[in-house]
Amino acid sequence: MTTTLPAYDEVVARYEPVIGLETHVELGTNTKMFCGCPTDFGGEPNTRVCPVCLGLPGSLPVANKAAIEATIRIGLALNCSIAQWCRFARKNYFYPDMPKDFQISQYDEPLCSDGYLDVEVDGELVRIGIERVHLEEDTGKTLHVGGATGRIHGATESLVDYNRAGIPLVEIVTKPVPGTGALAPEVAKAYVTELRDVLRSLGVSDVRMEEGSLRCDVNTSLNLPGEEWGTRTETKNVNSLRSVERAVRSEILRQASVLDAGGRITQETRHFHEDTGDTTPGRSKETATDYRYFPEPDLVPLAPDTAWVAELKAALPELPRLHRRRLQEQWGLSDLDMQSVLNAGAVELIEATVAAGTTPAAARKWWLGELSRRANETGTELADIGATPAQVAELQGLVDAGKLNDKLARTVLEGVVAGEGSPTEIMTNRGLEVVSDTGALTAAVDEAIAANPGIADKIRSGKVAAAGALVGAVMKATRGQADAKTVRDLVLERLGVQG
């Protein structure tokens with residue numbers, strides 16, 4: 001039976017949404033959290049494993065210092081307090097992708113706690129409280145085959161790949177975020193976007209959501225104004241920024257429909273479906289006591305040296321929000337123009353193009369114009385379109401030098417995206433350089449005048465605007481490789497008319 005959902009604006013006028021986000025980040029270390037196995041994405045299943053990450057009897061874990069350092073840097077960037085003493089714990093639960101039947105994680109003593117991240121939504125600053133940032137090991141990956149959905153229901157068999165098991169995983173948990181009203185979906189998306197930018201600036205992860213190195217669980221609840229917060233649901237493993245926003249919106253509408261009908265919200269995990277934008281039930285949500293946490297007996301506690309933490313804090317890069325504001329001022333962009341750059345995901349690309357030797361205006365023209373159009377047409381991320389910032393800067397350099405006009409430059413850019421080489425190589429190989437030989441251009445102008453005597457007479461009589469027709473004829477004859485201004489000057493000169 002199909003349920004008709006209420007209108008979103010009507011729902012948020014009656015209910016107050018509260019959101020929270022749990023983000024899992026695979027760290028970009030060379031080896032796993034407690035062993036020496038490599039962490040590269042991909043590879044034949046079950047080839048990057050050893051007795052430690054498989055949990056074989058007698059094997060002992062050793063903590064990865066690089067992962068601990070990366071977690072502290074994340075905590076510092078999120079304005080967290082860094083624990084002077086903490087320890088790992090065993091989180092016990094059974095699932096096929098858990099080779100030990102427990103996960104080494106942190107429980108009541110996280111490495112980082114009580115921080116915040118500021119995000120901008122509709123021109124307003126929203127502060128998202130960070131409850132904790134803790135370090136753990138990732139699980140393996142289960143593949144359900146033989147069914148239509150890729151989930152266990154309806155599958156004929158399940159396969160497990162333990163290559164991912166044991167990779168260092170940081171979990172960043174926000175405090176509940178009330179008071180965002182109708183903007184709750186946008187706030188959730190803005191938070192994950194800003195967090196991804198922070199993590200990328202720290203260089204601790206490639207944060208590729210499509211590869212699972214950044215995964216987000218979205219908590220949502222509704223309550224009537226003035227009443228206690230409602231029962232929350234947790235939408236698991238949302239794997240794109242757009243889907244984070246859609247998942248929150250979908251749960252707000254679904255929960256309102258249940259509450260309006262007199263029902264109760266069940267505390268459970270839910271699955272988000274990209275094709276429909278809906279969520280469906282997963283399993284009843286466990287509480288902390290269900291996991292039977294206890295201290296990990298095979299690992300000593302962590303006691304980060306305060307001087308070391310101070311060194312890490314002093315070496316943090318400029319936070320992305322502040323970096324963007326500085327670039328906006330340097331580039332002379334309005335808030336609306338900068339938002340367009342952000343929406344296109346072009347900040348770093350434009351910055352690198354300017355660093356390669358061109359102006360902000362030129363870099364922005366190419367990345368937000370021709371290259372964005374191609375990315376949208378092919379469904380490709382702008383950074384993966386096939387042109388590098390250095391190539392775009394080189395292309396603009398050829399335009400500035402008068403060797404290419406805009407039309408020819410677009411043709412050269414096609415070759416760059418197709419992988420034919422550098423702009424200079426493509427221009428030379430295809431013979432696309434602007435014709436600057438005045439002798440050749442004069443001959444082409446004389447031919448155009450001879451072929452269009454009526455237009456020539458109009459120009460001689462003072463109708464200078466008619467010169468555009470002869471310029472067009474010359475451009476066509478030279479396959480667009482002539483400089484239009486030079487051609488116009490020659491037309492007027494040959495007809496004895498002052499421009």
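Reply: Domain bounds here come from an automatic or database domain assignment, and on that basis the chain is divided into domain 1 (8-308), domain 2 (321-421) and domain 3 (438-494). This is a predicted model, in which local features need pLDDT of at least 70 and side-chain atom pairs count only at pLDDT 80 or more, while totals for chains, interfaces and linings use all residues. Residues are numbered from 1 along each chain as its sequence is written, and side-chain values use heavy atoms, with hydrogens and water left out.

The centres of domain 1 and domain 2, taken over C-alpha atoms, are separated by 34 Å. Where the two domains touch, 6 residues of domain 1 are in contact (heavy atoms within 4.5 Å) with 4 residues of domain 2. The buried area, that is, the accessible area (1.4 Å probe) that two parts lose on being put together, summed over both, is about 440 Å² between domain 1 and domain 2, and carbon and sulfur atoms give 26% of it. On the side of domain 1, the residues that lose the most area to domain 2 are E120, E194 and R200, which together account for 59% of what that side buries.

Salt bridges, defined as a side-chain nitrogen of Lys or Arg within 4 Å of a carboxyl oxygen of Asp or Glu, number 3 across the interface of domain 1 and domain 2. If Ala, Val, Leu, Ile, Met, Phe, Trp, Tyr, Cys and Pro count as nonpolar, Asp, Glu, Lys and Arg as charged, and the others, Gly among them, as polar, then the side of domain 1 that touches domain 2 has 1 nonpolar, no polar and 5 charged residues.

Two strands are said to pair if DSSP finds at least two bridges between them, and an open sheet of 9 strands has the order 2-5-6-9-1-10-11-12-13, with mixed pairing. Strand 2 (81-82) and strand 13 (279-284) stand at the edges of this sheet with a single partner strand each, so one side of each is left without a neighbour in the sheet. Strand 2 pairs with strand 5 in the antiparallel sense over 2 bridges, and the bridge partner of I82 is C112 in strand 5. Strand 5 is also joined to strand 6 (residues 124-137) by 9 bridges, the two running antiparallel, with D118 standing opposite R127 in strand 6. The hairpin of strand 5 and strand 6 has 2 residues between the strands, and in this hairpin D122 takes a positive phi near 55°. Elsewhere in this sheet, strand 10 (residues 214-223) and strand 11 (residues 233-238) run antiparallel and are joined by 4 bridges, T220 standing opposite T233 in strand 11.
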